[in-house]
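Reader: Could you walk me through this structure, starting with the overall layout and ending at a single residue?

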Amino acid sequence: MCGMQNSQENSVQESCRRDGNRKCRSGNLILVGMMGSGKTTMGRTLAKHLGKTFVDSDEEIQKRTGVTIPHIFDIEGEAGFRQRETAVISDLVGGENMVLATGGGAVLAEQNRAVLQQNGIVIYLKANVHDLWLRTRHDRNRPLLQTGDPYAKLTDLFQQRDPLYREVADIVIQSGKQSVHSLMLQLVGEIETYRETRQ
Ligand SMILES: Nc1ncnc2c1ncn2[C@@H]1O[C@H](COP(=O)(O)OP(=O)(O)OP(=O)(O)O)[C@@H](O)[C@H]1O
Ligand SMILES: O=C(O)C1=C[C@@H](O)[C@@H](O)[C@H](O)C1
Ligand SMILES: [Mg+2]
């Protein structure tokens, strides 16, 4: 991290200390959004850039169970997976100075939405359905998209979830054709602006 980024991040943390609530003071940044919106990819890049710890709720579920997400869906169904997801999120949000990438369906549970909002600045990584489809079409690790028409499934999920992502988000950032790195730099600027307005 260069000196300028350090001083920028210090001033961000200083303004948040004055703010006094955990959302800001924890130093946590929480990414929500659809499958393929880039939460894992962007989360890793953002964490590295800001010197924060990167945590991913899907990865944590797989680590704890020792099996893949498709396997959990096979054995326990989506309902079983959601219970595990809620338990993992409620543990992970206790951390500090981290970037937390959530699973695409994390916002479905009201309990998750509440704890995400309370424990960090929530960023909705928004992408259009066509881009989501392009990014996920060759991947077999997303059980909800293993249907005859994943484009239609993504369209349905987007319609159902977009209001929930917007409800929980402090910042909404549109991801499109720009590189992950330039999107990350734009996001860093938006986080700084968000924190300044909370002084
Ligand atoms: N801004 C971007 N531009 C182009 N491709 C991207 C972008 N962000 C992510 N990708 C690509 O899209 C794919 C899915 O990204 P990623 O796994 O980060 O999504 P996710 O939001 O974590 O999905 P999930 O909710 O299923 O965990 C990856 O192949 C990644 O390289
Ligand atoms: O959008 C969803 O419901 C999901 C997204 C992934 O991150 C995983 O959490 C799982 O495949 C379910
Ligand atoms: Mg992910």
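This is a predicted model: local features need pLDDT of at least 70, side-chain atom pairs count only at pLDDT 80 or more; totals for chains, interfaces and linings use all residues.

Author: Residues are numbered from 1 along each chain as its sequence is written, while chains are lettered from A and ligands numbered from 1 in the order in which they are written.

Reader: Which residue of β4 stands opposite Leu29?

Author: Leu29 belongs to strand β1, residues 29-32. Strands pair if DSSP finds at least two bridges between them; β1 has three bridges to β3 (residues 98-101), running parallel, and four to β4 (residues 121-126), also parallel. On the β3 side, Leu29 has Val99 as its bridge partner. Over in β4, the residue opposite Leu29 is Ile121.

Reader: Are the residues of β1 that point either way buried or exposed?

Author: A residue is buried if 20 or more other C-beta atoms lie within 10 Å of its own, exposed if 12 or fewer, and partly exposed in between, with C-beta atoms placed from the backbone. Leu29 and Leu31 point one way, and Ile30 and Val32 the other. All of these are buried.

Reader: Which helix gives the most to the shell around ligand 1?

Author: The shell holds 17 residues, and Gly38, Thr40, Thr41, Gly104 and Arg135 are the closest; near here means a C-beta atom, placed from the backbone, within 6 Å of the molecule. Helices α3 (39-50) and α9 (180-196) each supply at least two residues. The top contributor, with three residues, is α3.

Reader: Why is Ser37 called buried?

Author: Ser37 sits in the loop between β1 and α3. Its contacts (C-beta atoms, placed from the backbone, within 7 Å) include Leu125, Lys126 and Ser175, leaving aside residues up to four places away in sequence. Ser37 counts as buried because the number of other C-beta atoms within 10 Å is 26.

Reader: How far apart in space are Ser37 and Lys23?

Author: In sequence, Ser37 and Lys23 are 14 residues apart. C-alpha to C-alpha, the distance between Ser37 and Lys23 is 23 Å.

Conventions: Two residues are in contact if their C-beta atoms, placed from the backbone, lie within 7 Å.
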